Amino acid sequence: MSGLFAAGLILLALAALADLVGGRVARFMGSGPLYLLGAAGSACLAALGGFALAGRSVQLAVGGWLGQAVPGQQTAGLAADRLSGLFLALAFGAAVPVSVAFASWARSPREKRRGLGASYALALGSVAVIMTARDAFTFLFGWEGLTLAFYLLAGSERHKRGRGAAAQITFAFGKVSGAALLFGLLLLATRSHSIMLASFAHVPGGAARTTAQVLLLAGFAIKAGLVPFQIWLPRGYSAAPGPARAIMAGVCVNVAFYGMWRTLALLGRVPGWLVGVVLVLGALSALLGIAHAAVQNRLSRVIAYSSIENSGLIVTGFGVALTGAAVGDRRLIAAGLLAATLQMVAHTTAKSLLFTSVAGIEAAVGSDDLEDLRSRDLHGRDLHGRDLHGRDLHGRDLHGRARRTPWSGFGLAIGSVTLAGLPPTAGFVSEWFLLESLMQQFRVPGLGYRLVLALAGAAVALTAGFAGVTFVRLVGLIVLGRGTDQRPLVPVISQDSPSTSDGPTRCDIGAVVAAPMSHRVGTSEVLGLS
């Protein structure tokens with residue numbers, strides 16, 4: 001297994017090196033092959049995660065590669081247990097198709113940016129290091145690498161308005177997160193007299209252990225974008241170009257949840273008041289995140305704000321597991337972790353799909369503004385058949401792009417339906433399990449726990465309703481709706497192949513189903529469907 005481990009990291013390193021060498025090599029690799037190297041490396045790491053999840057021994061003997069973290073203690077090698085394997089398989093399983101889409105997106109001459117490929121590879125490499133670190137120093141090394149990668153990805157288009165400021169905010173919150181983790185890990189290391197993560201399980205209870213738990217959970221909450229640390233997330237995600245948003249939101253954010261899971265595995269029970277804080281912040285983040293997403297006028301910001309909602313739902317499930325640990329109920333721990341893990345699967349899949357699809361739509365239309373997407377079809381044409389530059393696109397010059405944009409619309413529809421929580425998607429299953437786990441409050445002793453779980457359940461139910469309205473609205477406006485030229489936004493039949501049937505297309509059927517809503521004046525105005 002060590003060979004597969006090393007191959008994944010080496011391929012990511014080669015991808016970064018190819019972008020930094022400059023000259024013709026960088027220009028050629030930056031047009032797609034660089035990201036295919038990243039896809040191959042991600043596939044190796046995803047397979048590695050599968051082996052670790054199955055119980056196979058997965059190690060990479062690179063002990064001491066960062067020198068002596070403290071006198072007399074060298075950094076340990078990298079290794080993956082079942083928990084690491086779960087997150088490696090999830091994160092890098094999503095990174096493979098996103099990297100392939102990245103390669104396709106980068107083929108456009110407009111999308112060649114030196115340094116973007118290196119930032120992408122640094123982000124994926126940092127995720128792998130974080131999830132397989134066995135000591136605190138290596139963990140923090142990977143965390144700081146990811147903070148730097150986020151800064152570079154968010155700031156890769158600094159010439160555009162607001163992108164530089166967004167990158168700085170992203171970097172600042174990343175450093176605050178790293179500082180919280182540093183102090184928390186230092187407290188545990190001083191009590192255990194070791195930097196090995198496994199040794200922290202032997203730290204005795206007391207003020208130092210509780211303070212370390214608070215600092216660690218706070219550091220991970222910042223990276224996940226929980227309230228009140230959510231300020232950086234929509235700005236940072238929206239500022240990143242194309243599929244880089246999918247890398248940040250669908251792949252890299254999982255390190256925050258990995259950190260929470262690992263903290264619970266190592267330190268176990270937390271104080272009751274901290275359980276309540278986690279549940280309240282998770283539920284509040286979910287509700288506020290989707291409320292903000294519902295009123296955004298840019299597609300990328302709708303999806304970015306919904307990431308706050310998804311992080312809140314995941315942390316709410318984690319809070320149920322903390323409740324089980326606090327009262328000593330292993331079944332409640334399992335129910336909470338299962339609900340949170342299913343939410344992670346839905347979030348990773350949907351966010352990777354949505355941000356990748358938005359990159360294709362934005363490249364075709366030239367904008368992600370919802371009003372532009374309503375008035376133009378996904379080939380970038382207005383009602384006169386002209387693109388954003390006034391060129392006539394009624395001819396066949398667009399047929400290469402026209403065959404790709406319907407796939408972006410299809411991906412947007414699937415991702416939106418998943419986040420709307422409609423059956424039979426993973427979003428429906430994960431929300432069902434989350435609500436079921438929250439409804440187990442009658443099994444928990446103590447009025448305080450029951451009240452907090454009940455309030456969190458009510459907030460999650462309200463969030464699910466808001467999410468359904470928000471993402472079904474997106475599908476109606478962008479996928480099934482009609483532009484001002486009354487042509488379907490996502491043609492099912494290719495322009496070059498006229499329909500051989502007189503029956504309605506799937507888009508026509510969807511428009512007919514949605515049509516009655518447009519005559520309900522009050523409802524349509526509230527939902528923005530008119």
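1. The protein chain has 21 helices and four strands, and the model that shows them is a predicted one. Of the 530 residues in the protein chain, 54% are buried. The accessible surface of the protein chain comes to about 21600 Å², and carbon and sulfur atoms account for 65% of that surface. When contacts between residues at least 6 apart in sequence are considered, 74% of them join residues at least 24 apart.

2. For helix 13 and helix 14, the axes are 7 Å apart and the packing angle is about 170°. Helix 13 is therefore roughly antiparallel to helix 14, since an angle over 145 degrees counts as such. The contact of helix 13 with helix 14 is made up of 17 nonpolar, ten polar and one charged residues.

3. Helix 14, which spans residues 330–365, also meets helix 11, residues 254–267, where the two axes come within 12 Å and cross at roughly 165°. Helix 11 and helix 14 are therefore roughly antiparallel to each other, and their crossing is left-handed. Helix 11 contributes N254, F257, W261 and L264 to the contact, while helix 14 contributes L337, A340, T341, M344 and T348. By class, six of the residues in this contact of helix 11 with helix 14 are nonpolar and three are polar, with no charged residue among them.

4. Helix 13, residues 299–327, has a further partner in helix 18, residues 426–438, and here the axes come within 10 Å and cross at roughly 35°. The crossing of helix 13 and helix 18 is left-handed. On the side of helix 13 the contact involves L313, T316, G317 and V320, which meet E431, L434, S437 and L438 of helix 18. The contact of helix 13 with helix 18 divides into four nonpolar, three polar and one charged residues.

5. Apart from neighbours within four places in sequence, T132 is in contact with F5, G77, L78, A79, A80 and L88.

6. R107 is placed in the loop between helix 4 (82–106) and helix 5 (116–132), and its relative accessibility of 61% means that R107 counts as exposed. The C-alpha atoms of R107 and P33 are 9.3 Å apart in space, although the two residues are 74 apart in sequence.

7. As background, most residues other than glycine have a negative phi, and most peptide bonds are trans. The peptide bond from V227 to P228 is cis, with omega near 5°, and P228 lies in the loop between helix 8 (207–224) and helix 9 (232–239). The peptide bond from P423 to P424 is likewise cis, with omega near 5°, and P424 is in the loop between helix 17 (405–419) and helix 18. H193 has a positive phi, near 60°, and is a residue other than glycine. H193 lies in the loop between helix 7 (163–192) and helix 8, and H193 is exposed, with a relative accessible area of 66%.

Terms used: Residues are numbered from 1 along each chain as its sequence is written. This is a predicted model: local features need pLDDT of at least 70, side-chain atom pairs count only at pLDDT 80 or more; totals for chains, interfaces and linings use all residues. Side-chain values use heavy atoms; hydrogens and water are left out. Axes are lines fitted to C-alpha atoms, for helices over the stretch in contact, and angles run from 0 to 180 degrees between N-to-C directions. Helices (H or I, at least four residues) and strands (E, at least two) are DSSP runs, numbered from the N terminus. Angles under 35 degrees count as roughly parallel, over 145 as roughly antiparallel, 65 to 115 as roughly perpendicular and the rest as oblique. A crossing is left-handed if the near helix is turned anticlockwise from the far one by less than a right angle, and right-handed if clockwise. Contact means heavy atoms within 4.5 Å. Ala, Val, Leu, Ile, Met, Phe, Trp, Tyr, Cys and Pro count as nonpolar, Asp, Glu, Lys and Arg as charged, and the others, Gly among them, as polar. Buried means under 20% relative accessible area, exposed over 50%, partly exposed in between (1.4 Å probe, protein chains only). Accessible areas come from the Shrake-Rupley method with a 1.4 Å probe; for residues, only the protein chains shown count as cover.
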